[in-house]
Amino acid sequence: MGHGHRHGGGHGGAGEALGQRRRVLVALLLVLGIVVAQAVGAAVTGSLALLVDVVHSLTDSIGLVVALVAATLVLRPADGRRTWGFRRIEVLAALAQGVLLVAVAVYAVVEAVGRIAEPPEVASRELLLFGVVALALNLAAVGALMGGRTANLNLRAAFLEVLLDALGTLAVIASAVVMMTTGFARADTLAALAIAALVVPRAWLLLRDTLGVLMEFTPRGLDLDDVRAHLLGLEHVRDVHDLHASTVATGLPIITGHVVLDDECFRDGHAPDVLEDVRRCVAEHFDIALEHATFQLETRAHRERESHAASHH
């Protein structure tokens, strides 16, 4: 006996998802403007840092397109074949963006190696101008995504990419100022490497979190030993086994398990009351919604038969 999921599509709310989609669309238009400005600037100035930032911005735009598609698919309701709807699409989108960020970092390093020994001449004044324009557009995109950055992995990835691009543009501006004031030509190449250094750790965090969801690891911050200890502290609960927890999407953890009760609970009919105690315990102490906590109740005899069968396989 247990409690099943209510397979609805309303988690997070359609209004919230529409708001997220609008944020992503505004940010996408701004980033596309950055790509155009930086591409023209890279061609005019010959700057590697600006060229790397173009690729970074182009990656941002691709990631934002993916984010926009994901934010749209999330609005589609759940059905008999897709019981969680398209909630997990935001995890796949964040994974793709993490991979793209790693690709940008690798590109920056490979291109920089060839320029360290023989740095080309860079038009520093023009570089400064294009850097300032790109930074203004970047900050506008950061502002567009700021309010929704904690909503899910998808928007978190989009926000991090745009924020990183703004920091990268600052490195471009700094290199232009250094070259204008000191004539140090390698400043441009060093700025490109700085952009790569900014990208790698954040890309790793995205990949770590998204792979953790896809591999159905226990949600971060949830200790199943602690869950088991809380449940064993409830009256009539004698054992807890086959306890599993995972994350469907951002803010949507689920938990399942088998709970062994005193035989009297099944004889006098109050097993359902104990089940509610178990579910409330998980909801109150571990912030997992009642409808996402599924437990099978068992007698001691049933548990012994399970153990005996398992030992013969």
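These legends go with close-up views of a predicted model.

**View 1. The cysteines Cys265 and Cys281.** Cys265 is buried, with a relative accessible area of 0%. Cys281 is buried too, at 6% relative accessibility.

**View 2. A nonpolar patch on the surface.** Seven names to find here: Val109, Val113, Ile116, Val178, Phe184, Leu190 and Leu193 make up the patch, and together they show about 530 Å² of accessible area. Which helix gives the most to the patch? That's α3, with 3 residues. Both α3 (89-116) and α6 (187-214) put in at least two residues each. Phe184 sits in the loop between α5 (153-182) and α6. With 37% relative accessibility, Phe184 counts as partly exposed.

**View 3. Arg208 and Asp209, side by side in a salt bridge.** The search of the whole structure finds 9 salt bridges, and this pair is one of them, with N to O at 3.2 Å. The two partners fall into separate classes: Asp209 counts as buried at 13% relative accessibility, while Arg208 counts as partly exposed at 32%.

**View 4. Arg238 reaches Asp262.** The closest N and O atoms of this salt bridge are 2.8 Å apart. Arg238 belongs to strand β1 (residues 237-249) and Asp262 to the loop between β2 (252-261) and α8 (263-267), so the bridge ties together parts that are 24 residues apart in sequence.

**View 5. Arg303 meets Asp239.** Here the side chains form a salt bridge at 3.4 Å, N to O. Arg303 comes from helix α10 (residues 300-311) and Asp239 from strand β1, so this pair ties together parts that are 64 residues apart in sequence. Arg303 counts as partly exposed at 24% relative accessibility, and Asp239 gets the partly exposed label as well, at 26%.

How values were computed: Residues numbered from 1 in each chain as written. Predicted model: local features only at pLDDT ≥ 70, side-chain atom pairs only at ≥ 80, totals over all residues. Heavy atoms only, no water. Buried < 20%, exposed > 50% of the residue type's maximum accessible area, 1.4 Å probe, protein only. Patch = residues over 30% accessible without salt bridge, like charges linked within 9 Å, V, L, I, M, F, W, Y side chains within 5 Å. Areas by Shrake-Rupley, 256 points an atom, 1.4 Å probe, with all protein chains shown as cover. Salt bridge = Lys/Arg side-chain N within 4 Å of Asp/Glu carboxyl O. Helix = DSSP H or I, 4+ residues; strand = E, 2+ residues; numbered from the N terminus.
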